[in-house]
Every structure is written in structure tokens, then in C-alpha cells.
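Thank you for making time for this one. I would like to walk you through a few places where parts of the chain pack together, and then through the space left inside.

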Amino acid sequence: MRYSWKFVLRRVGLFFLIIWSAATLNFIIPKLTPRDPLREKLLAEAARTGYVPPGFDEMVKAYQVRFGLDLPLWKQYVNYITDLLRLDLGYSIANYPKTTLSLIAEALPWTIGSLTVAVIIAFILGTLLGALMGWEKSPFFVRHIMPLILVFGAVPAFIIGLILFYFLAFRWQLLPLAGGFSVGKVPGWNWSFFLDIVKHSILPATTIVVTSAGGWAIGMRGMMVTVMGEDYMTFGEAKGLTGSRLFYRYGIRNAILPQMTGLALAISYIVSGSVLVELVCRYPGIGTILQRAINQLDYGVIYGIVFVLTVSLAFGLLIIDLIYPLLDPRINYE
């Protein structure tokens with residue numbers, strides 16, 4: 001083992017400190033707005049019927065008592081932290097009586113199933129392409145495709161999504177226009193439903209791959225160029241090692257460490273980073289629920305989704321810290 005248990009315990013303690021700090025900010029920031037989510041929700045329901053019932057203010061106060069919003073701020077915070085420790089994310093104000101956990105559970109498989117896979121595919125393609133671009137023995141056309149990568153890497157993801165949506169879904173009708181599966185399709189564990197889900201996920205997944213692969217390639221190319229000048233690469237060539245061994249074991253292995261950190265951050269941030277892509281492609285997922293919750297000032301859902309995002313980010317960084325010694329023997333945490 002190349003790290004001590006003291007280091008592991010320190011990192012685990014930092015992991016919980018990050019979660020507590022983020023949870024505290026997550027509680028405070030929505031409270032700074034002067035808007036009243038319960039009043040807005042009840043007014044919206046009344047506007048649909050065109051009738052505001054008598055005793056409307058008393059009704060709002062009753063709902064505030066039900067959701068604990070009538071308590072002093074410090075008591076709300078204590079209840080909030082206590083509920084988080086029990087993994088109770090509370091109810092959704094805008095979708096009551098649905099719970100926040102049930103809304104996240106409904107959307108999480110869509111986000112993980114397509115967008116996370118797309119990030120990993122973009123990482124693998126971009127990393128290999130960037131390594132080849134920085135490798136002096138690569139073919140000529142591989143080492144001179146940087147301008148094309150810069151173009152796709154500089155364009156925002158939602159712009160690429162709109163272009164792909166227009167041509168692939170609207171103009172040529174090669175892909176579905178919206179949704180996670182076809183209308184009328186009965187969900188089930190069969191190949192027909194699985195292929196239908198894959199077909200609907202191609203558009204958002206392709207958007208992420210096209211926009212993300214260029215960034216991975218540019219970063220890996222810079223690291224690969226730096227690695228090429230190291231003494232161990234010169235020593236490996238002097239020993240007569242094969243080009244593939246130098247490329248994979250000496251080049252990529254030493255240049256990939258910053259990429260791995262970026263991968264942990266990218267996977268952790270996929271919930272927030274996929275909001276615009278999901279909205280453009282009208283794809284169900286956590287990003288769509290988060291955007292709807294922010295518009296409706298749904299405290300419970302905002303708290304829950306941001307908490308899940310915080311935990312995933314902190315956990316991803318923790319795992320990367322622990323596997324660094326396995327990736328690079330020079331790193332020692334003892």
C-alpha cells in the first residue's frame with residue numbers, strides 16, 4: 001500500500017466536511033429570495049380555475065406549518081440536517097405528495113444510462129486522439145486535425161444540440177424528437193424497449209460526445225507533448241522498446257493523471273452540465289427536474305438534487321485520490 005490509513009481517514013473526514021459545507025450553503029441560498037413557493041403554487045392552482053377561495057392566507061399558513069416553513073430559520077436548518085442524515089429528502093412542494101427521493105429515482109436512470117456513458121465515451125475517444133496528436137510517430141493527418149477539434153470544443157453544447165436536433169430529428173427524421181421512449185411503448189425488460197431507449201438517447205449522447213471529446217483531446221495532447229521530453233522516454237527509446245510499449249506504458253500512463261481528475265469532475269458534474277442538453281433535446285433526466293424545480297422554487301427538490309450532486313462530486317474526488325498511487329507508482333501517500 002502506497003498510502004497510510006491516516007491519510008485515508010483524513011480524506012474521509014474531508015469528504016464529510018465538504019458534504020456538510022455544501023449542504024449548509026444549499027439550505028441558505030434559496031432562503032435569500034423573497035419569493036414564497038407555497039403561495040405561488042396555490043395561486044397558480046387558483047389561476048387555473050379562475051377562483052381564489054376565501055381564507056386563502058389561512059390556507060397558505062396551514063401549508064407552511066405542514067412543510068415546516070413557519071419555524072425559525074435555525075430550527076428549519078436543524079430539521080434539514082437531521083433529515084439528510086436519515087436520507088430523507090422531504091416532499092416536493094410543486095408535486096406534493098410526491099417525495100424528492102422518488103422524483104430523483106425516476107430521473108436518475110435516464111441521466112446515468114445515457115449521459116454518463118456519453119461522457120466516458122468522449123473521455124476515451126478524446127484521450128486516445130489527444131495522445132496520438134502529441135505522439136511524434138503518429139500519421140500525418142492525425143497530428144494536424146487540431147483546428148477541427150478546436151471548433152467543436154469551442155461551440156457550446158446546447159448549440160451543437162440544436163444543430164443536431166434540427167438535422168437528425170426534425171429535418172431528416174432519423175431520430176426521435178423528444179422523450180426517453182416512444183409514446184405507447186410499454187416499459188419492460190425486453191430488447192424492443194431497450195433498443196427504443198437507446199434510439200432516444202443517441203441525440204443527447206452524441207451532443208455530449210461531440211462537444212466534450214475535443215476538450216479531452218486538447219488536454220491530453222498538451223500532457224503528451226510534455227511527457228515526450230522526459231528522461232524516461234529517452235531512456236526507453238535507448239533500450240530499444242517497441243513504439244506501442246513506449247506509447248501506452250510510458251507515454252499515456254504518465255500523461256493521463258490530470259485526465260483522470262477531470263473525468264471524476266465531469267461525471268460528478270454531469271447532473272448540472274446536462275441541464276441545457278436535456279432541455280434542448282427534451283430528454284427526461286435530473287437536469288430537467290432541476291431546471292423545473294428552480295423555476296417553481298421547489299425547495300425540497302433543489303435541496304435533494306444539489307445534495308446528490310455534492311455527494312457524487314466529493315465521492316468522485318475521494319476515489320481518484322485513493323487510486324492515484326495505482327496509476328502512478330511515483331505517488332506515495334505514506
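Before the first helix pair I need one definition, namely that a crossing is called right-handed if the near helix is turned clockwise from the far one by less than a right angle, and left-handed if it is turned anticlockwise. Please also keep in mind that what you see is a predicted model.

With that in hand, look at helix H8, residues 191-228, and helix H10, residues 243-255, whose axes come within 8 Å and cross at roughly 120°. Angles of over 145 degrees count as roughly antiparallel and those from 65 to 115 as roughly perpendicular, and H8 and H10 are therefore oblique to each other. H8 passes H10 in a right-handed crossing. On the H8 side the contact is made by Met220, Met223, Met224 and Val227, while H10 brings Phe247, Tyr250, Gly251, Ile252, Asn254 and Ala255. Sorted by class, the residues of this contact of H8 with H10 are 8 nonpolar and 2 polar, with no charged ones.

H10 has another neighbour to consider, helix H9, residues 231-238, and here the axes come within 11 Å and cross at roughly 175°. That angle makes H9 roughly antiparallel to H10. Tyr232, Met233, Gly236 and Glu237 in H9 meet Leu246, Tyr250, Gly251 and Asn254 in H10, and by class this contact of H9 with H10 holds 4 nonpolar, 3 polar and 1 charged residues.

Turning to another part of the chain, helix H1, residues 5-31, and helix H4, residues 73-85, have axes that come within 11 Å and cross at roughly 135°. H1 and H4 are therefore oblique to each other, and H1 passes H4 in a right-handed crossing. From H1 the contact takes Trp20, Ala23, Thr24, Asn26, Phe27 and Lys31, and from H4 it takes Leu73, Gln76, Tyr77, Tyr80, Ile81 and Leu84. The residues of this contact of H1 with H4 divide into 8 nonpolar, 3 polar and 1 charged.

Notes
Residues are numbered from 1 along each chain as its sequence is written. This is a predicted model: local features need pLDDT of at least 70, side-chain atom pairs count only at pLDDT 80 or more; totals for chains, interfaces and linings use all residues. Side-chain values use heavy atoms; hydrogens and water are left out. Axes are lines fitted to C-alpha atoms, for helices over the stretch in contact, and angles run from 0 to 180 degrees between N-to-C directions. Helices (H or I, at least four residues) and strands (E, at least two) are DSSP runs, numbered from the N terminus. Angles under 35 degrees count as roughly parallel, over 145 as roughly antiparallel, 65 to 115 as roughly perpendicular and the rest as oblique. Contact means heavy atoms within 4.5 Å. Ala, Val, Leu, Ile, Met, Phe, Trp, Tyr, Cys and Pro count as nonpolar, Asp, Glu, Lys and Arg as charged, and the others, Gly among them, as polar.
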